[in-house]
Amino acid sequence: MVLYLCCVRFYCFNCKMEKTGIEEASGTPPLPPSPSIPPNVKPEQVGPPKRSVISRRGVGTAGRRISLLTNHFKVSMNISDAMFYQYSVSITSEDKRVVDGKGIGRKVIDRLYLTYSSELAGKKFAYDGEKSLYTVGPLPQNNFEFTVVVEELLARSANGSPGANGSPSGNGKRPKCSFRSKTFKVAISYAAKIPLKSIVLALKGSEVDNNAQDALRVLDIILRQQAANRGCLLVRQSFFHDDSRHFTDVGGGVTGCRGFHSSFRTTQGGLSLNMDVSTTMILTPGPVIDFLLANQNIRDPRHINWEKAKKMLKNMRIKTKHSNMEFKITGLSEKPCNLQHFPLKMRNSDDANDEDQTVEITVYEYFTKHRGIELSISAYMPCLNVGKPKRPNYLPLELCLLVSLQRYTKALSIMQRSTLVEKSRQKPQDRIRTVTDAVRNYQYDEDPVLSACGISIDRQLTQVDGRVLEAPKLKVGNSEDCIPRNGRWNFNHKKLLTPVRIERWAVVNFSARCDTSHLSRELINCGRNKGILIERPHTLIEEDPQSRRASPVARVEKMFEIVRAKLPGPPEFLLCVLPEKKNSEIYGPWKKRSLSDFGIVTQCISPTKINDQYLTNVLLKINTKLGGTNSLLAIEHTSRIPLIKDTPTMILGMDVSHGSPGQADVPSIAAVVGSRCWPLISRYRASVRTQSPKVEMIDALYKPLANGNDDGMIRELLVDFFQTSNGRKPAQIVIFRDGVSESQFNQVLNIELEQIMKAYQHLGEVDFPKFTVIVAQKNHHTKLFQAGAPENVPPGTVVDTKIVHPRNYDFYMCAHAGMIGTSRPAHYHVLLDEISFSPDDLQHLIHSLSYVYQRSTTAISIVAPVCYAHLAAQQMGQFIKFDDLSETSSAKRAITTEESVPVPELPRLHENVRGSMFFC
């Protein structure tokens, strides 16, 4: 598929773009000609970005000092003038088809080195498994062509035609083992030079191009090759051994496999190797029949759903018990093993001149009579088909084992996820021991390519100085001070700051096991203790048992009919009791009807134990949704937040939630929350939209319509800020962006920020506010440990030296108290700071924003606006069901690849709840 540059919209508004020329590097082939541009498309010229990521402006000094360790291992480079040479690799098979499978690619290149080492001057190289290999120093010449022969074990039937060893194939004689040779043509050609000294320049903060990133990528490829040579499963920068000691069964035929993440990073303290424990999901290895029973959660093979099994098993790799050979599953037989016939060639006598006779025989009979293999449970089950469409090969199920290290990429259930977390968490000291043992055992120093670079790796954790910020003081009811201890506080004998009064409400019950009368009494009593006056519910509505067989949408519709009939008018609030705690099918339809169609605030619960702590947590959510406030920062309560108290300041949290792995066509959900009621920073409103699947940049921040209006997300939040802040417009906007990687920082600054400015300008404003843009990352592998204690680092721990970026403005903060496992700090990157916060002021603001999360009484691991954006995207994503979209959209795409798949729009919230914190 050809992508025309002119079709890519870069949203560089108001900037003149100059066409940039491209110089050809000496010694490299010329670039291919540009694609022709259709006559109806106007080219869009792309210039350099308007904004770039700022440099560090200093470090913080507030807080008490603490000595820490981190899972970075110091890397020394003794030959800084070494040069990586990159070569392009092209592998073609005998029929001149390009080979792009990673597994076969590594086999071919390994065989190439063994065969032609002398032609390559014995030079070791690192191969990425695809189309590039790297050497330290050049190969003897720029271009090579090799013929490589790879032998593989396979079965051959007696007449010489290939078949499955021990499995009946279409022309079916008893097979014998043999080797088959496959011939490949490998072309290696010089592509580029990558100087190792670019890393040295990056460490000094003087990098001017991407050479350092390229050099780091080569170093990471060397680590990956080493792991591949040990037979590991490779997943991006992580690797996983086939070692059952590191397996954790999470149910459903799925196993968690513990391995390691390893990557080289440039830091203030020099080059370091970041080594961490990592987990991926694999199919539970072992008998296929056991996998199917676990996957379908049944005990008796007679109850297996074979249609479901067929979809699940397709493309899985199996090994046979009787021949120890590997195959890929292509399907299931149409008939059971004892009825599935195939033609078998038989000899009539010992006379070689006699012609073979073909007889029809069942798979079951073939294995039991001709192979002498006893089959105990396969007779009435379908066979696995490991052949081709026109030439099936059948294997009885009980002879087949799932090969280990096959990735499972679908979303985990709630139960699977909780099992994984419970069984795979490690205490800080255990994690330290695991990663230091790994660095010692893998002996990276002895790798020939790393040695040629003069690279050696320290085997001790890096020591780093941190600071612990003081927890902010909170205000609760009766203007009482509340001082968090170890990142926690509670409302025992305290009242909420601004509790609401609930007069007209009802309870609806979809669960057969909940006593709603007892529940409502306990909720009223608990509310009274917290300052919330709750009248008796107008009615308690139980679902008709007959309705439970209906669809979720029908059940919700029936319930709302009863609500409308029993209540004199719309209630202020509905308490909804669901039958399941998580993933209830009723949740999405219920939320959509409540929030979008009727504009009624609703709280869904599924209580297992009703006590004061549980009810308090429920009331925190209800109070917030109805407009109350549970607590405020003391400095927020008295309007004393530095740099915010005197200047109208809006805080935005932005996040994009994507569909589960394997659901490529499920729309992504973008959410932005904006603060309201300045000078408060604890109240937020959300705006949520759908967008194209797997697209990370938010495309509806500014959305001009044909009539000249703006239907974007930011306009909605700006207008709300103005209306709730005494007619003040934001003169400062602090943006927290979640979920983007370093490679996307410039897009945040030059696409998303540009859209936000357009939305502001569309409201008739000439002077733009000052912006501070911060990316918040949780998906990284840096961990912090106390140097002299076994516990997790204390809440409020900040690190902004040594392990941070050599040039860019970033820091790590662990605002929460890690009670189980090992805490993961948030990694904050300041991309732009027009407001000019001092390092201490900015870190205090971010730390404080971890204490304004109204749903809980603990400091959270990342700023509340980001959490709210995630919750809003998650909740409104339930409004529309995407279950059938993947199948239908792929069919549409097959019909016309020119048109993009239409993205269904989310229903808008009812005006009654649009400004509420419905997502709490």
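Author: Of the 920 residues of the chain, 52% count as buried, where buried means under 20% relative accessible area, computed with a 1.4 Å probe on protein chains only. This is a predicted model, in which local features need pLDDT of at least 70 and side-chain atom pairs count only at pLDDT 80 or more, while totals for chains, interfaces and linings use all residues. Residues are numbered from 1 along each chain as its sequence is written, and side-chain values use heavy atoms, with hydrogens and water left out.

The secondary structure of the chain comes to 19 helices and 42 strands; these are DSSP runs numbered from the N terminus, helices being H or I with at least four residues and strands being E with at least two. Among contacts in the chain with a separation of 6 or more, 73% are between residues 24 or more positions apart, a contact being heavy atoms within 4.5 Å.

Now to the crossing itself. Helix α15 covers residues 713-724 and helix α16 covers residues 745-762, and their axes come within 9 Å and cross at roughly 55°; the axes are lines fitted to C-alpha atoms over the stretch in contact, and angles run from 0 to 180 degrees between N-to-C directions. The two helices, α15 and α16, are therefore oblique to each other, since angles under 35 degrees count as roughly parallel, over 145 as roughly antiparallel, 65 to 115 as roughly perpendicular and the rest as oblique. The contact is made by I714, R715 and L718 on the α15 side, and by I756, A759, Y760 and H762 on the α16 side. These contact residues divide into 5 nonpolar, 1 polar and 1 charged, where Ala, Val, Leu, Ile, Met, Phe, Trp, Tyr, Cys and Pro count as nonpolar, Asp, Glu, Lys and Arg as charged, and the others, Gly among them, as polar.

For the setting, consider two sheets elsewhere in the chain. In one, 3 strands form an open antiparallel sheet in the order β26-β25-β33, and strands pair if DSSP finds at least two bridges between them. Strands β26 (480-482) and β33 (632-633) stand at the edges with a single partner each, so one side of each is left without a neighbour in the sheet. Strand β25 (residues 474-476) pairs with β33 over 2 bridges, and the bridge partner of K475 in β33 is L632. In the other, 4 strands form an open antiparallel sheet in the order β14-β22-β15-β16.

Terms used: Buried < 20%, exposed > 50% of the residue type's maximum accessible area, 1.4 Å probe, protein only.
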